[in-house]
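Me: I have a model open and would like to learn how to read it. Could we take it feature by feature?

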Amino acid sequence: MEWPNYLNLAPLLVYYVTKEAVETKPYIFRPYVQDDLNFIQSSWGNSYWHGNNNKPFISSKEFHDFHRPIRTKILQKPSATAIICALEMDPNAILGWALVEKLESSDALILHYLYVKEAVKREGIATELVKRALPSEAIAFTHLTEVGREIRQKRASVCWNWKFI
């Protein structure tokens with residue numbers, strides 16, 4: 001399998017997605033396209049910022065100034081790719097995504113981040129993204145949030161390891 005390279009971040013129109021839209025319009029899973037990268041960057045940064053307990057210790061600007069280059073580095077890895085969940089009627093209306101990386105030395109996979117829009121959480125999207133993005137068990141994940149801690153308790157074999165960044 002050839003893994004895409006993320007060198008040019010193209011502009012993306014941001015769509016507002018409601019729970020009703022998902023209930024009335026089925027969603028699809030597809031590979032990412034260049035136009036998805038700005039949304040992935042933005043949603044990852046904001047979700048990670050809000051999903052941690054760092055707010056008392058670091059400002060939003062300091063966090064994003066520090067973390068944006070990390071996200072960019074991961075997105076530019078030739079061995080990294082994303083699976084997108086979007087509305088079937090509008091494939092540009094992204095509901096969630098999973099970013100994974102295949103280790104060069106083996107078939108092992110790393111889950112860098114999993115994102116689902118707040119309005120459509122608890123609809124099974126995250127579960128399906130994990131199934132599709134990780135055909136085999138991930139050995140590690142690189143970004144831990146409060147929700148991630150809860151999920152980690154269910155999958156004790158997967159470890160948090162920032163060294164894969």
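Me: How are helix 2 and helix 3 placed, and at what angle do their axes cross?

Reply: Bear in mind that this is a predicted model. To read a helix pair, look at the distance between the axes and then at the angle. Here the axes of helix 2 and helix 3 come within 10 Å, crossing at roughly 135 degrees. Angles over 145 degrees count as roughly antiparallel and 65 to 115 as roughly perpendicular, with oblique for what is left after the parallel class. Helix 2 and helix 3 are therefore oblique to each other. The hand of their crossing is right-handed.

Me: Which residues of helix 2 and helix 3 make the contact?

Reply: Read a contact from both sides. Helix 2 contributes Leu37, Ile40, Gln41, Trp44, Gly45, Asn46, Tyr48 and Trp49. From helix 3 come Ser60, Phe63, His64, His67, Arg68, Arg71, Thr72, Ile74 and Leu75. Sorted by class, the contact has 8 nonpolar, 7 polar and 2 charged residues.

Me: What does the largest nonpolar core consist of?

Reply: The general idea is that nonpolar side chains tend to be buried together in soluble globular proteins. In this model the largest nonpolar core has 20 residues. Those with the most contacts inside it are Ile40, Trp44, Leu75, Ile84, Trp97, Leu99 and Tyr113. Two or more residues each are given by helix 2 (37–50), helix 3 (60–75), strand 2 (80–87), strand 3 (94–102) and strand 4 (109–116). Helix 2 supplies the largest share, 6 residues. Another core, of 18 residues, lies apart from this one and includes Leu95, Val100, Leu129 and Leu134.

Me: Now the loops. Is Asn53 buried or exposed?

Reply: Asn53 sits in the loop between helix 2 and helix 3. Exposed means over 50% relative accessible area. Asn53 has 51%, so it is exposed. In sequence Asn53 is 93 residues from Glu146, yet their C-alpha atoms are 8.1 Å apart in space.

Me: And Ser79, buried or exposed?

Reply: Ser79 is in the loop between helix 3 and strand 2. The cut-off for buried is under 20%. With a relative accessibility of 10%, Ser79 therefore counts as buried. Its C-alpha atom is 5.6 Å from that of Lys102, which is 23 residues away along the chain.

Me: What is there to note about the phi of Arg122?

Reply: Arg122 has a positive phi, about 70 degrees, although it is not a glycine. This residue belongs to the loop between strand 4 and helix 4 (125–133). Arg122 counts as exposed because its relative accessibility is 83%.

Me: Stepping back, how many helices and strands are in the protein chain?

Reply: For the whole chain, count the elements and then follow their order. The protein chain has 5 helices and 6 strands. Starting at the N terminus, the order is α-β-α-α-β-β-β-α-β-α-β. Of its 165 residues, 44% count as buried. Among contacts between residues at least 6 apart in sequence, 64% join residues at least 24 apart.

Note on methods
Residues are numbered from 1 along each chain as its sequence is written. This is a predicted model: local features need pLDDT of at least 70, side-chain atom pairs count only at pLDDT 80 or more; totals for chains, interfaces and linings use all residues. Side-chain values use heavy atoms; hydrogens and water are left out. A nonpolar core is a set of buried Ala, Val, Leu, Ile, Met, Phe, Trp, Tyr and Cys residues joined through side-chain atoms within 4.5 Å. Buried means under 20% relative accessible area, exposed over 50%, partly exposed in between (1.4 Å probe, protein chains only). Helices (H or I, at least four residues) and strands (E, at least two) are DSSP runs, numbered from the N terminus. Axes are lines fitted to C-alpha atoms, for helices over the stretch in contact, and angles run from 0 to 180 degrees between N-to-C directions. Angles under 35 degrees count as roughly parallel, over 145 as roughly antiparallel, 65 to 115 as roughly perpendicular and the rest as oblique. A crossing is left-handed if the near helix is turned anticlockwise from the far one by less than a right angle, and right-handed if clockwise. Contact means heavy atoms within 4.5 Å. Ala, Val, Leu, Ile, Met, Phe, Trp, Tyr, Cys and Pro count as nonpolar, Asp, Glu, Lys and Arg as charged, and the others, Gly among them, as polar.
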